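Subject: Structure for you to look at

Hello,

Here is the structure I said I would pass on. Please open it and keep it beside you while you read the notes below.

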Amino acid sequence: MQALLRGIPASPGIVVGPVHILRWEVPEVPSRVVADAEIADELARLHEALARARERLDLLAQRAEEKAGSTEAAIFAAQRAILDDTALAAGVETLIRQHLAAEKAVDV
């Protein structure tokens, strides 16, 4: 099957080859109420998830620097700053203490 796709080019020229179409959809995050006894565990879940995200982001930044250079890898510094934002984390923790599950607290 052949099709002609028009898009916004990153550089001039014509390209012939396979295309992969990404349909980006933001998933709906279900709301879940956390009981008083579960709040500490929910806060721990949040901090574990943030730690895993930092590790993953650092690995991606390292790979990007090795393959594309430090200028291109610098984009990950901004994403790391979001993960390290203490005001953002404090806001999410507040929502968890108000009995909202961690994933929904981040989504709000």
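**What was found**

Val29 sits in the segment that comes before α1. Please bear in mind throughout that this is a predicted model.

Is Val29 buried or exposed? With a relative accessibility of 18%, Val29 counts as buried, because the cut-off for buried is under 20%. Setting aside neighbours within four places in sequence, Val29 is in contact with Glu103, Lys104 and Asp107.

Lys104 belongs to helix α5. Its relative accessible area is 15%, so Lys104 is buried. Which residues does Lys104 touch, not counting those up to four places away in sequence? They are Glu28, Val29, Pro30 and Ser31.

Lys104 also has a charged partner. In general, side chains of opposite charge can pair when their charged atoms come close. Here the side chains of Lys104 and Asp107 meet in a salt bridge, at 3.5 Å from N to O. Both residues lie in α5, three residues apart, which is about one turn of the helix. Asp107 has a relative accessibility of 40% and therefore counts as partly exposed, whereas Lys104 is buried.

**The helix α1**

Helix α1 covers residues 39-68. It has 30 residues and reaches 42 Å from its first C-alpha to its last, close to the 44 Å expected at 1.5 Å a residue. Its buried residues are Ile39, Glu42, Leu43, Leu46, Leu50, Leu57, Ala61 and Ala64. What do the buried residues of α1 pack against? They pack against four helices: α2 (70-73), α3 (75-83), α4 and α5. Just after α1 comes Gly69, with a positive phi of about 110 degrees.

One of the buried residues of α1, Glu42, is also part of a network of salt bridges that links Arg32, Glu42, Arg45 and Glu103.

**The helix α4**

Helix α4 runs over residues 86-97. Its twelve residues reach 16 Å from the first C-alpha to the last, close to the 16 Å expected at 1.5 Å a residue. The buried residues of α4 are Ala89, Val92, Glu93 and Ile96. Where do they sit around the axis? They are on the same side of α4, because they cover an arc of only 100 degrees. What covers these buried residues includes α1 and α5 (102-107).

The loop between α4 and α5 contains His99. His99 is not a glycine, yet has a positive phi of about 80 degrees. His99 is partly exposed, because its relative accessibility is 26%.

**Two salt bridges to Asp84**

How many salt bridges does the structure hold? There are nine. In one of them the side chains of Arg54 and Asp84 meet at 2.7 Å, N to O. This pair links distant parts of the chain: Arg54 is in helix α1 and Asp84 is in the loop between α3 and α4, 30 residues apart. Arg54 counts as partly exposed because its relative accessibility is 21%. Asp84, with a relative accessible area of 37%, is therefore partly exposed as well.

Asp84 also forms a salt bridge with Arg80, and here the closest N and O atoms are 2.9 Å apart. With a relative accessible area of 24%, Arg80 is partly exposed.

**A patch on the surface**

The last item is back in the segment before α1, where Leu5 is placed. Is Leu5 buried or exposed? Leu5 has a relative accessible area of 53%, so it is exposed. Leu5, Val19 and Ile21 form a nonpolar patch on the surface, and together they have about 310 Å² of accessible area.

When you go through the model, you could begin with Val29 and its contacts Glu103, Lys104 and Asp107, then turn to Asp84 and its salt bridges with Arg54 and Arg80.

Regards

Technical notes
Residues are numbered from 1 along each chain as its sequence is written. This is a predicted model: local features need pLDDT of at least 70, side-chain atom pairs count only at pLDDT 80 or more; totals for chains, interfaces and linings use all residues. Side-chain values use heavy atoms; hydrogens and water are left out. Patches are made of residues with over 30% relative accessible area and no salt bridge: like charges are joined within 9 Å, nonpolar side chains (Val, Leu, Ile, Met, Phe, Trp, Tyr) within 5 Å. Accessible areas come from the Shrake-Rupley method with a 1.4 Å probe; for residues, only the protein chains shown count as cover. A salt bridge is a side-chain nitrogen of Lys or Arg within 4 Å of a carboxyl oxygen of Asp or Glu. Helices (H or I, at least four residues) and strands (E, at least two) are DSSP runs, numbered from the N terminus. Buried means under 20% relative accessible area, exposed over 50%, partly exposed in between (1.4 Å probe, protein chains only). The expected span of a helix is 1.5 Å times one less than its number of residues. The arc is that of the directions from the helix axis to the C-beta atoms. Contact means heavy atoms within 4.5 Å.
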